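Thank you all for making the time this morning. Please have a look at the sequence and the model on the screen, and I will then walk you through a few parts of it.

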Amino acid sequence: MSTTYDSSSPGSAEGLELFTPAEAADKLKVPESWLRKKATARQVPCTFIGKHLRFSSEDLAEIIRDGHRDPVTGPSAPTRRRTE
């Protein structure tokens with residue numbers, strides 16, 4: 001169950017939606033254990049509220065952007081010849 005915070009006070013996280021590790025992993029289609037390990041090692045953006053790990057929509061978008069890889073183009077690897 002995600003939580004949306006909507007406060008009109010100055011400096012608040014207006015409209016910020018936070019996800020539990022299970023919810024975030026489900027959205028990213030990755031194992032929760034992978035996501036927790038990366039967050040603990042500070043290899044992906046995340047938020048700790050006390051001891052509780054949470055991910056914002058922006059965190060998930062950044063994880064996706066950082067994981068993007070362009071296709072490899074150019075000459076292919078040389079083919080091995082069979083020796084008999």
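This is a predicted model: local features need pLDDT of at least 70, side-chain atom pairs count only at pLDDT 80 or more; totals for chains, interfaces and linings use all residues.

Lys 29 counts as exposed because its relative accessibility is 69%, where exposed stands for over 50% relative accessible area, buried for under 20%, and partly exposed for what lies in between, with a 1.4 Å probe and protein chains only. Residues are numbered from 1 along each chain as its sequence is written, and side-chain values use heavy atoms, with hydrogens and water left out.

Lys 29 sits in the loop between helix 1 and helix 2, and although Lys 29 is not a glycine, its phi is positive, at about 60 degrees. As background, most residues other than glycine have a negative phi.

Arg 42 lies in the loop between helix 2 and strand 3, which covers 47–49, and with 57% relative accessibility Arg 42 counts as exposed.

Let me step back to the whole chain. The protein holds three helices and four strands, and read along the sequence these follow the pattern β-β-α-α-β-β-α. Of its 84 residues, 20% count as buried, and the accessible surface comes to about 7000 Å², with 51% of that belonging to carbon and sulfur atoms; these areas come from the Shrake-Rupley method with a 1.4 Å probe, and for residues only the protein chains shown count as cover.

Now to helix 1, and to a question: which residues in helix 1 are buried? They are Pro 21, Glu 23, Ala 24, Ala 25 and Leu 28, and the buried residues of helix 1 pack against strand 2 (16–19), helix 2, strand 4 (52–56) and helix 3.

Two packed helices are described by the angle between their axes and the distance between the axes. Here axes are lines fitted to C-alpha atoms, for helices over the stretch in contact, and angles run from 0 to 180 degrees between N-to-C directions. Helix 1, residues 21–28, packs with helix 2, residues 32–40, at an angle of about 110 degrees, and their axes are 8 Å apart. That makes helix 1 roughly perpendicular to helix 2, a label for angles of 65 to 115 degrees, whereas under 35 counts as roughly parallel, over 145 as roughly antiparallel and the rest as oblique. On the helix 1 side, Pro 21, Ala 22, Ala 24, Ala 25 and Leu 28 meet Glu 32, Leu 35 and Arg 36 of helix 2, where contact means heavy atoms within 4.5 Å. By class, the residues of this contact between helix 1 and helix 2 are six nonpolar, no polar and two charged; Ala, Val, Leu, Ile, Met, Phe, Trp, Tyr, Cys and Pro count as nonpolar, Asp, Glu, Lys and Arg as charged, and the others, Gly among them, as polar.

Helix 3, residues 57–67, packs with helix 1 at about 40 degrees, with axes 11 Å apart, which makes helix 1 oblique to helix 3. In helix 1, Ala 24, Lys 27 and Leu 28 meet Leu 60, Ile 63 and Ile 64 of helix 3, and the contact of helix 1 with helix 3 has five nonpolar, no polar and one charged residues.

Last, Thr 47 belongs to strand 3 and is partly exposed, with a relative accessible area of 29%. Leaving aside neighbours within four places in sequence, Thr 47 is in contact with His 52, Leu 53, Arg 54 and Asp 59. The C-alpha atoms of Thr 47 and Phe 19 are separated by 9.9 Å, with the two residues 28 apart along the chain.

Note on methods. Helices (H or I, at least four residues) and strands (E, at least two) are DSSP runs, numbered from the N terminus.
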